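Take a walk through this protein with the structure open beside you.

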Amino acid sequence: PQQRVYNFSAGPAVLPVPVLEQVRDEMLCLPGVGASILEISHRGAAFTQIIESAEANLRKLLDISDDYAVLFIQGGSRLQFSMVPMNFIGEHGANPGKSGDYLITGSWGKQALEEAVKVGPCRAVYNSKATNFDRLPAPFCAGEATPQYSDDAAFVHYTCNETIQGVQFPGEPETGGIPLVCDASSDFLHRKLDVSKYGLIYACAQKNAGPAGVTIVIVKKDLVASASDSLPVYCNYNTHIEANSLNNTPPTFAIYVVQLVTQWLLDTYGSLDAVHKNNAQKAKLLYDLLDESPDFYQGHAQPECRSLMNVAFRLPSEDLTAAFLSGGKQHGLTDLKGHRSVGGIRASIYNAMPIAGVETLRDYMVDFRNQHA
Ligand code: PMP
């Protein structure tokens, strides 16, 4: 098809049309360069300006202080599952022998912990697996356990938005001073964060910040400074801090698109508070409908922790789910199939999904319910 659809993919995901248009327009020739972004040195003046601007935009959007480095790393968020424990608690890390505490509120946190235990003593201090990851610890969900952190914990890891289950923390867990490490892959830049509450934040770009190929890491430099040179060079945060993310050839195209996306956020919204307001409005359109039709559309997440980014819900039967998906396609609504571990439908409505796309989905859901309920 030649016409763009409303693409609800969980990632890689929808990008802002003005960004795609700029990529297209500059594909043969970056202004003033005479070659494309794909063809120029990562050490030349043109790319230096792009990566510095991407970092400056992120610092501006999130108000990041100089105590923190902003890094562009390859290997996806999954490499961070390993790099975090290697640098914090592994035998060559900054606190060898100490432990890591994990809040497991969905599939990604579970996988992060599975990797971390290969490096050092890490454990779950909260796990909502028994209810198929539909909730958060207290105080976010009343009646749930309050995590008890280990005396020797060097960090607490959590996943602020579980992409598959559509479960999101509305704020930061309280850790009593233990550095907080956050996998923000699927809601990065969807709201303003107080970065000073974190030791480290990581986010692969391919949901809210750009294309696949780059992962943004915001790390408080003093927490990792004493990691040893015996770590594999690429896996040592200090390598990337000292080399301004240019130790080896970085994913230049992906960083270029991150620069464009962050510029689009600044030019369109001015601040992440405005971005958040827009996201809350979009998500409300869908959650209001779930609440209106609980017998037909059953939301996965408990109401206190519904994600503004990934809206996961089920229909009354597999047949209706299949009919919903194929009918959606005919309305130009694609990639709505839920992850197999949750089933049903998942609508990912990241920053770049226009409100018109969510309204079209909502209207389709109303019609579908009226026809089949
Ligand atoms: N964490 C979360 C929350 C994710 O959504 C994803 C990707 N779906 C990952 C980690 C893994 O990211 P990557 O594929 O870049 O390794």
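**Overall fold**

The protein chain has 10 helices and 14 strands. Helices (H or I, at least four residues) and strands (E, at least two) are DSSP runs, numbered from the N terminus. The radius of gyration is 21 Å, close to the 21 Å that the globule rule gives for 373 residues, so the chain is as compact as a globular protein of that length. That radius is taken over C-alpha atoms, and the rule is 2.2 Å times the number of residues to the power 0.38.

This is a predicted model: local features need pLDDT of at least 70, side-chain atom pairs count only at pLDDT 80 or more, and totals for chains, interfaces and linings use all residues. Residues are numbered from 1 along each chain as its sequence is written. The protein chain averages a pLDDT (the predictor's confidence in each residue, from 0 to 100) of 97, and 100% of the residues score at least 70.

Buried residues make up 47% of the 373 residues. A residue is buried if 20 or more other C-beta atoms lie within 10 Å of its own, exposed if 12 or fewer, and partly exposed in between, with C-beta atoms placed from the backbone.

**A helix pair**

Look at helix α8 (residues 272-292) and helix α10 (residues 355-372). Their axes come within 9 Å and cross at roughly 5°. That makes α8 roughly parallel to α10, a label for angles under 35 degrees. Axes are lines fitted to C-alpha atoms, for helices over the stretch in contact, and angles run from 0 to 180 degrees between N-to-C directions. On the α8 side, the contact is made by Q281, K282, L285, L286 and L289. Residues of α10 in the contact include I355, V358 and M365. Two residues are in contact if their C-beta atoms, placed from the backbone, lie within 7 Å.

**A buried glutamine**

Q259 lies in helix α7 (residues 252-269). Is Q259 buried or exposed? Q259 is buried, because 23 other C-beta atoms lie within 10 Å. Q259 touches I50, S53, A54 and N57, not counting residues up to four places away in sequence.

**Backbone details**

Most residues other than glycine have a negative phi, and most peptide bonds are trans. The loop between β4 (122-127) and β5 (153-159) holds P139. The A138 to P139 peptide bond is cis, with omega near 5°. Phi is near 55° for N132 and near 55° for F133. N132 is partly exposed, whereas F133 counts as buried.

Notes
Parallel < 35°, antiparallel > 145°, perpendicular 65-115°, else oblique.
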